[in-house]
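Subject: Structure for you to look at

Hi,

Here is the structure I promised to pass on. Have a look at it first, then read my notes below.

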Amino acid sequence: MAKHKWNFKVPVPDDLKGWKEADRRLARRFAEYLQFEDRLKASRAIKRYFNDDNLEYFLKKHRERAVVQAYTAWGILDYRPTKTSKTHAEKMLSEGLPKPEAVLLRARMEAFPTLYRVASHNPKAGTIDLEDILLGGRVTVHDLLMSENIQNNLFLSGRTFPVGRFHFIELAGPPLGPGMGMEAVEFLRNRGMEFTPEGVRRDAHKFGWLWGWIDEWQANWKPPHLCNTDGDDLLWHTVSFSVANPLDVRQALLQRQDVEYDDQEEEFIWAKETGRGAKMLGGPVTLGRIEFVGDELVLTVNSAKRFATGRKWLERLPGVVFLNVKTRRWDERDEDRPMDERISKPQPVEITPELVVSLQEMIDKQYMEWIDTPLPVLGSKTPRQTCRTSAGRQQVTMLIRTMPDPMGQAPVRVPRETMLRELGLTTESLTSRPLRPQMPQHSEPIEATSPRSKVGRNAPCPCGSGKKYKKCCGR
């Protein structure tokens, strides 16, 4: 068969725009393959990738999670109808492609699928830092659209591939929420996947089984039990007391060892320096806040138990009489509350460098203590004890890698590398994987998988689904 001749020039290594155009052309070839070829519509291919033969269900149920792109990529890069069959990617190369597209295709073929955690992202630079959960190592992916719409601590099943000065990602399965990482790892392990480059490449289709696993996970999901540091269910209590003589009550409050006055907020802080919460936080735990509002004393606490305890000792103060209490669930929307209970939101706390250091030290202390804490998931053994076996070392490694970073404004992180070093697990990571892209054979720089340099969240999705970007690939 005669080779085609094209005039497309190979962009220079740092020509991101040029490689975007080449990647769009290759993406169109992928889409045409799914549309016009019957190979991926055969029951055998569908069953292998989804572990179920209901293709229509998965394409409809998970379209907004880019299931079409992930299935097509697997079908082109990995699927062989028989052991001796060529993949469609191999056929595309043998029949001839423009050189830029051939470079992109080879880079994908040389990569292997795995599960990544989104460690951080930078929308201004258009980059996403990914941590490889299954094999270890980190990589920075260049994808402007994804960086503008992704969240930290999500999990992406895909293959990243280096070409020229960049790394880019092709999805191999569904994106997963922050709380799904470890359970997804266990699912893949229980399905016989070996967490080695050879193992994940051989079982690339099993990342497709995660589409059905998501449905089961969501059907059985229960909201987490949110409690305070004493283990009490969260229920906000606003308690009002009448006061005969405010000056006497103020003096009595200041004489208590467990109460301090906050000059800036003009309120009293009721705290406890011992117990489970104090050990967990490495310092005093705030139990409630007390302030004078007009002729009344108002106590605010976050549980029924703390309300009962606070009411008991406050009623012992001179001239203090209980009036009423109002409760509010932690998840109650502000618009659902009576107008007289709505208060303005507190001003955000200034995140100073000193505060960040203090918070990080507290996080470090908690997680280093976790190493010697018996855990139900480890059969009541501590992580350190579990690491005495090879299987245990792998399990603890996965637990640490899938830990989400704390949410909030302060840029604090789980000290994963410190924990791994403490347990002697760093040598088991593939730390030799390059953090910066290498130039593979026959390759040039490749652009991110995003087909445009910038797409608004309400603009039509460039994948051609007809939906808004925020409702489609932007999710």
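How many helices and strands does the chain have? There are 17 helices and eleven strands. Keep in mind while you browse that this is a predicted model.

Some overall numbers to begin with. The chain has 475 residues, and 43% of them are buried. Its accessible surface comes to about 25900 Å², with 51% of that belonging to carbon and sulfur atoms. If you take the contacts with a separation of 6 or more, 62% of them are between residues 24 or more positions apart.

Now for the inside. The largest nonpolar core has 40 residues. Leu40, Tyr49, Phe50, Tyr71, Met92, Leu105 and Trp211 are the ones with the most contacts inside that core. Several elements each supply at least two residues to it, including helix H1 (16–36), helix H2 (43–50), helix H6 (99–110) and strand E5 (166–176). Which helix gives the most? That's H4, with eight residues.

Ignoring its neighbours within four places in sequence, Tyr71 is in contact with Leu34, Leu40, Ala45, Ile46, Tyr49, Phe50 and Leu55. There's also a second, separate core of 38 residues, and Phe112, Ile133, Val185 and Trp213 are among its members.

Next, the sheet. Six strands make up an open sheet, in the order E7-E8-E9-E10-E6-E11, and the pairing is antiparallel. Which strands sit at the edges? Strand E7 (259–262) and strand E11 (320–329) do, each pairing on one side only. On average, neighbouring strands of this sheet are turned by 25 degrees against each other, direction ignored.

Happy browsing!

Conventions:
Residues numbered from 1 in each chain as written. Predicted model: local features only at pLDDT ≥ 70, side-chain atom pairs only at ≥ 80, totals over all residues. Heavy atoms only, no water. Core = buried A, V, L, I, M, F, W, Y, C linked by side-chain atoms within 4.5 Å. Buried < 20%, exposed > 50% of the residue type's maximum accessible area, 1.4 Å probe, protein only. Helix = DSSP H or I, 4+ residues; strand = E, 2+ residues; numbered from the N terminus. Contact = heavy atoms within 4.5 Å. Areas by Shrake-Rupley, 256 points an atom, 1.4 Å probe, with all protein chains shown as cover. Pairing = 2+ DSSP bridges. Axes fitted to C-alpha atoms, helices over the stretch in contact; angles between N-to-C directions.
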